[in-house]
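Please open the model in a viewer and keep the selection panel at hand.

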Amino acid sequence: MTAGRRHGKPYGTRRRRAQDVLVGLAGVIAFLAGSALLVAWLPHAVAEERAFCSASACRGAPAEDCLYADWFTVDSVHLRRGKQPGGWVRLSGHEEGASRVEFSGLGEFLEGVRPGDRVAGTIWRGEVVVLSDGAAAQRTLSHPVGDPLSAAGSGILLIMGGGVGAYVSWGRLRCDERSARPLRRAVLTADACTLAVLGAYTFVLMVVLDDRDEDLGTFLALWTPAAVGVGAFVSRRYLRQRT
């Protein structure tokens with residue numbers, strides 16, 4: 001039994017270090033994915049939203065960068081309830097043939113429309129962005145307004161989550177001295193919890209502002225002060241630990 005204990009401890013240590021390395025790698029991947037969203041998707045989403053908001057109604061033949069309306073017939077409707085509600089409507093009657101239009105969230109239009117109904121669609125750049133049955137209207141997933149907010153929020157959440165994972169992994173791997181382990185673990189736990197609170201705030205803020213159709217500027221105005229405060233708190237704790 002004594003020999004088993006002697007061999008068990010180094011094995012447990014190696015397994016823990018391997019787990020920490022995997023957590024760190026996952027954190028780096030999430031950080032890079034979030035950075036890619038902010039660098040690649042966010043500018044494109046901002047440009048699309050600005051182009052849509054500045055678009056006017058088509059005069060004469062429909063063009064790519066103007067808005068025009070057309071009538072459709074609803075062929076089928078699918079509702080999705082639960083944690084991620086939404087659904088889709090399959091349409092026909094447009095010159096391009098039948099199309100499937102998807103929605104995020106259950107609105108009055110999606111819950112009230114039935115197969116055989118005639119609905120009006122607003123089209124921009126070949127995509128149906130709004131459907132209406134006269135009584136209610138609902139945006140589709142192709143609607144560009146709100147995409148910058150989703151891109152920024154998703155990218156920030158991935159960067160924060162990845163950063164926390166990498167930071168905790170780095171801190172645990174450096175905790176080699178037994179005398180330093182309790183203090184460093186307490187610091188790591190406090191920092192991780194603080195950043196987790198900021199992440200929860202970011203997610204709730206993104207969801208609430210998206211429901212209210214707020215823009216990216218409002219999100220940044222409400223998120224930046226909280227992020228600066230959390231960053232200052234974590235940096236101060238880190239500097240104290242170093243000294």
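What is the volume of the largest pocket? The largest pocket has a volume of about 930 Å³. The model is predicted: local features need pLDDT of at least 70 and side-chain atom pairs pLDDT 80 or more, while totals for chains, interfaces and linings use all residues. Residues are numbered from 1 along each chain as its sequence is written, and side-chain values use heavy atoms, without hydrogens and water.

A pocket is an open set of points on a 1 Å grid over the protein atoms alone, with protein on both sides within 12 Å along at least five of seven lines; lining residues have an atom within 4 Å of a point.

Select Ser104, Gly105, Leu141, Asp210 and Asp211, which lie nearest the centre among the 28 lining residues. Helix 4 gives the most to this lining, with five residues.

Strand 1 pairs antiparallel with strand 2 (residues 86-92) over seven bridges, pairing requiring at least two DSSP bridges. Here Val77 stands opposite Val89. In the hairpin of these strands, Gly82 has a positive phi near 115°. Strand 1 also runs antiparallel to strand 4 (residues 118-124), joined by six bridges, and Phe72 stands opposite Val119.

Finally, select Val207 in helix 4 (residues 181-211). Val207 counts as partly exposed because its relative accessibility is 36%, the class between buried (under 20%) and exposed (over 50%), with a 1.4 Å probe and protein chains only.

How values were computed
Helix = DSSP H or I, 4+ residues; strand = E, 2+ residues; numbered from the N terminus. 1 Å grid on protein atoms, 1.4 Å probe; cavity = no way out; pocket = protein on both sides within 12 Å on 5 of 7 lines; lining within 4 Å. Points joined across faces, edges and corners; volume = space filled by probe spheres on them.
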